[in-house]
Amino acid sequence: MVYRRFFKRPIDFILSLIAIIILSPVYIITAILIRIKLGSPVLFKQKRPGLNGEIFWMYKFRTMTDKKNENGELLDDEFRMTRFGNMLRSTSLDELPELFNILKGDMSIVGPRPLLVEYLPLYNDEQARRHEVRPGLSGLAQIGGRNAISWEEKFKLDVEYVDNISFIGDIKIILITIKKVFVREGINSEDSVTMERFKGTKVESSHHLEGDKNLMKKELVIIGASGHGKVVSDIALNLNRWNKISFLDDNLSLKTSMNLDIIGTIEDAPKFIDKAEMFVAIGNNSIRKRIQEDLKSKGANLVSLIHPSSIIGSHVNIGLGTVIMPGAIVNCETTIGEGSIINTGSTIDHDNIIGNYVHISPGAHLAGTVRVGDRTWIGVGAIVSNNINICEDSTIGAGGVVVKDIDIKGTYVGVPVKIIKIKDKT
Ligand SMILES: CC(=O)SCCNC(=O)CCNC(=O)[C@H](O)C(C)(C)COP(=O)(O)OP(=O)(O)OC[C@H]1O[C@@H](n2cnc3c(N)ncnc32)[C@H](O)[C@@H]1OP(=O)(O)O
């Protein structure tokens, strides 16, 4: 208590000042490189809740370019993200400007991470206690777990920290954080796309169901019961996270091999938003996008599904509503957008940037540093050589081999691939 009341803030001030002075060459070099490689301003600021939920501007280094399309609109994230930006994030160098937030008194070196302002109304009373202290650069929840720990578990660790602040505890957290940053073990990032957005905790599930983990499981509604839906439901059953799994499909008489019920048509989906978690299992990229975006805008609780037999490397980001099928391999520092399908046994190597609503079919292989634009379909067994960019809304036919960038939207087949159809502008 004495440490928390009288010493924590002065120590934060002195240590952040010393760190800023020692790291000033790193700030200068990073800022120059960002200015050259990504543009200006070099700093990115965002409103975050601080002590007692008061809002402050949190500073980070910029990690994305401002690349725009011909109409002057910002391109999708995967085209604005660069290897350099990815490197800034994975080394946590982008977090360095937060030392100035510590100096100013917005933040502390150790404390619960400052999350998005929009989460404020979603915390229950206990979780909201994480704002009883200044937010930190790193905290118990960041060193304690991997990205896989749930928001509820993170908030428990945050409150545990608030109740047990001590000088020794803070030193331990600082040392473990430094070790993790240097061995690039991966600090548990709340900004990572791997982490689904926090949607609030249902009070009943943490109270009267406590003690019976099975009862705490929820319901999953899968939209689409055909071939793709079947494989998705198999993965969901395998994950054993839900009490009940059912489908919505316009063909109510479809026979689902898992004997799961079709409980309505796709039009009925909004009725299940408050009752169940949801997954859109429609093979067609554009239709999947339309349905998922609509559900998202209505506040649906969408999940991502990752089969336990898949291999996911370090610093991989996987967007909401994406499925990683059995035996797929996603290598380190790759980013996959929302609503994408990484199908059976496909491999996506390091530093790929895969867009939203993409389909990588079974057995397709993408070498290192490939970019695939939104809604593109890579056919079964296709191969994409390293450092290739494939634009959005394109199709690579089964067995096609891509050795050059693809800039014109269309259908490509053969070895090496050649265009056979240009996509209609309509
Ligand atoms: C779990 C799952 O099942 S996931 C689904 C996985 N499925 C796939 O990956 C299938 C990928 N689809 C394909 O390869 C398709 O053939 C497409 C999308 C490339 C083209 O389909 P369409 O637009 O219908 O083209 P269409 O069948 O009319 O063929 C046009 C020409 O291209 C040729 N062609 C089509 N696909 C290929 C291909 N993969 N490789 C080489 N040539 C091809 C056809 O032989 C035809 O040639 P022709 O004009 O000399 O007769």
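Is Arg129 buried, exposed or partly exposed? At 22% relative accessibility, Arg129 counts as partly exposed (buried is under 20% relative accessible area, exposed over 50%, partly exposed in between; 1.4 Å probe, protein chains only). The views show a predicted model, in which local features need pLDDT of at least 70, side-chain atom pairs count only at pLDDT 80 or more, and totals for chains, interfaces and linings use all residues. Residues are numbered from 1 along each chain as its sequence is written, and side-chain values use heavy atoms, with hydrogens and water left out.

**View A. Salt bridge of Arg129 and Asp163.** The closest N and O atoms are 2.6 Å apart (a salt bridge is a side-chain nitrogen of Lys or Arg within 4 Å of a carboxyl oxygen of Asp or Glu). Arg129 lies in the loop between helix 6 (125-128) and strand 4 (136-138) and Asp163 in helix 8 (residues 151-163), so the pair ties together parts 34 residues apart in sequence (helices, H or I, have at least four residues and strands, E, at least two, as DSSP runs numbered from the N terminus). Asp163 is partly exposed, at 46%.

**View B. Salt bridge of Asp106 and Lys104.** Here the closest N and O atoms are 3.2 Å apart. Asp106 is buried at 15% relative accessibility, whereas Lys104 is exposed at 56%.

**View C. Surroundings of His350.** The unreviewed UniProt entry annotates His350 as "active site"; such annotations may be inferred rather than shown by experiment. His350 is found in the loop between strand 16 (347-348) and strand 17 (353-354). Residues in contact (heavy atoms within 4.5 Å) include Asn331 and Thr369.

Notes: Lists of a residue's contacts leave out its neighbours within four places in sequence.
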